[in-house]
Amino acid sequence: MTAATIESEVRSYCRDWPVVFDRGQGSRMFARDGRVYLDFFAGAGALNYGHNHPVLKRALLDYLEQDGVTHSLDMLTAAKQDFLTEFAGRVLVPRRLDYRVQFPGPTGTNSVEAALKLARKVTGRHTIVAFTGAFHGMSLGSLAITGSATKRAGAGVPLGHTWRIPYDGFAGGQISGLTLLDTMLGDRSSGMDLPAAVIVETVQGEGGINPARATWLADLAELCARRHILLIIDDIQMGCGRTGPFFSFEHAGITPDIVCLSKSISGYGLPMSLTLFRTELDVWQPGEHNGTFRGNNSAFITAAAALNEFWTDSKLEKQTAEREILLDESLGELTARHPAHIAASRGRGLVWGLAFRKPHMAERVARETFCRGLLVERSGSVDEVVKLMPPLTSTDQELAEGLGILEQAVAAAVAG
Ligand code: PLP
């Protein structure tokens, strides 16, 4: 058996990018055969600060050198204490967020499962309202609130206890999910029981880079508060500065009841995830929701270093806001140049999508970018969107280089 034959058929990214990577630095990945790739994928949002950031790497190496505890479930460790102090001081207190921090298992879906379980426990209700196009993870609770038919089909059991409504802009914006929800809840004969929570992404990443309007998010928050439904923001992909501010909901001026955070929270690609919730929602019994890998101390070390490196001032946030304008302009021009093929460009901060009219064109463009040394993935209901998610720490030159390659790739794909 070789490495090539032993891995399950379930593998996916390595099919699109059939090279063996062995190093990563900043915005670049290096393959064993000597080829170099500009990484506009960024670990699906887990590498907002790029590969092996030197400050984070130093902190991790120092910790390992001194035989720092690597595994500890939820025992008290110096690494955990330091992370919690940094997180409170750099993130929660400046934003006046009175949240408790729960360490669920290490991946995003663990954070979502904890959020759903807590919302149900607090309210004594079981239905969760989720949106068209949503992606929340692959474990059964998260899958039940995920939209994708392909992903849902893998569950093998009925996925229930979910009420699905249109996301902002769904079907050209003709149907208002919020009006539907409010109207149904207001009618005693609608047959709709009061849900425990609404869960939403501020920008749907896997759903095809669909940014919700700030006013829509504020209306949703108002509806939830008025009807005593908990509001969960899944900030797993869009948090940690991806859209500009640390949390992607800040621009809407809302305070969710529960927040899911993972991917870039460790800053280094190490598995780590958090579920945050208002203090009065902390009704957990000790050990009621646990897991072996909640205390990823190596991740706590890099997470604290990342907060200290990037979130002591507003430099990164401002830079991302400037780059939003740059990407909006240049992708808008690219879209205007190919109206027969590209339906729209959309995004926020440093997450952007080029929505193609035909999925095979998006596939072709992604293939052409790979041939030219740029990694981009696709998303959307039929993978029709080419998704750009460069590290937030990319240089101006790297951004220009990636956009240049993308333009060439689109031209090559269009030429057939
Ligand atoms: N929620 C969102 C918004 C995500 O984008 C993802 C992953 O892409 C998840 C949840 C699941 O995270 P994980 O794959 O770490 O379980």
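How much area is buried between domain 1 and domain 2, and what share of it do carbon and sulfur atoms give? The legends below take up this question together with the sheet beside the contact. The model is predicted, with local features requiring pLDDT of at least 70 and side-chain atom pairs counted only at pLDDT 80 or more, while totals for chains, interfaces and linings use all residues. Residues are numbered from 1 along each chain as its sequence is written, and side-chain values use heavy atoms, with hydrogens and water left out.

**View 1. The two domains and the area between them.** The protein is divided into domain 1 (3-53 + 314-415) and domain 2 (57-310), with bounds that come from an automatic or database domain assignment. Their centres, taken over C-alpha atoms, are separated by 25 Å, and the contact (heavy atoms within 4.5 Å) takes 32 residues from domain 1 and 29 residues from domain 2. The buried area, defined as the accessible area (1.4 Å probe) that two parts lose on being put together, summed over both, is about 2500 Å², and carbon and sulfur atoms give 51% of it. On the side of domain 1, the residues that lose the most area to domain 2 are Tyr49, His53 and Arg348, which together account for 30% of what that side buries.

**View 2. Polar pairs across the interface.** Between domain 1 and domain 2 there are 22 residue pairs in polar contact, both residues being at pLDDT 80 or more; a polar contact is a pair of N or O atoms within 3.5 Å, where, within protein, one must be able to donate a hydrogen and the other to accept it, and residues adjacent in sequence count only if both atoms are side-chain atoms. Helix 12 brings 4 residues, the largest share of the side of domain 1 that touches domain 2.

View 3. Four strands form an open sheet in the order 13-14-17-16, with antiparallel pairing (strands being DSSP runs of E, at least two residues, and helices runs of H or I, at least four, numbered from the N terminus; two strands pair if DSSP finds at least two bridges between them). Strand 13 (342-348) and strand 16 (377-379) each have a single partner strand, so one side of each is left without a neighbour in the sheet. Strand 13 and strand 14 (residues 351-356) pair over 6 bridges, and serine 345 stands opposite leucine 354 in strand 14. Helix 12 (residues 315-337) lies across strand 13, strand 14 and strand 17 (385-388), running at about 175° to strand 13, where axes are lines fitted to C-alpha atoms, for helices over the stretch in contact, and angles run from 0 to 180 degrees between N-to-C directions.
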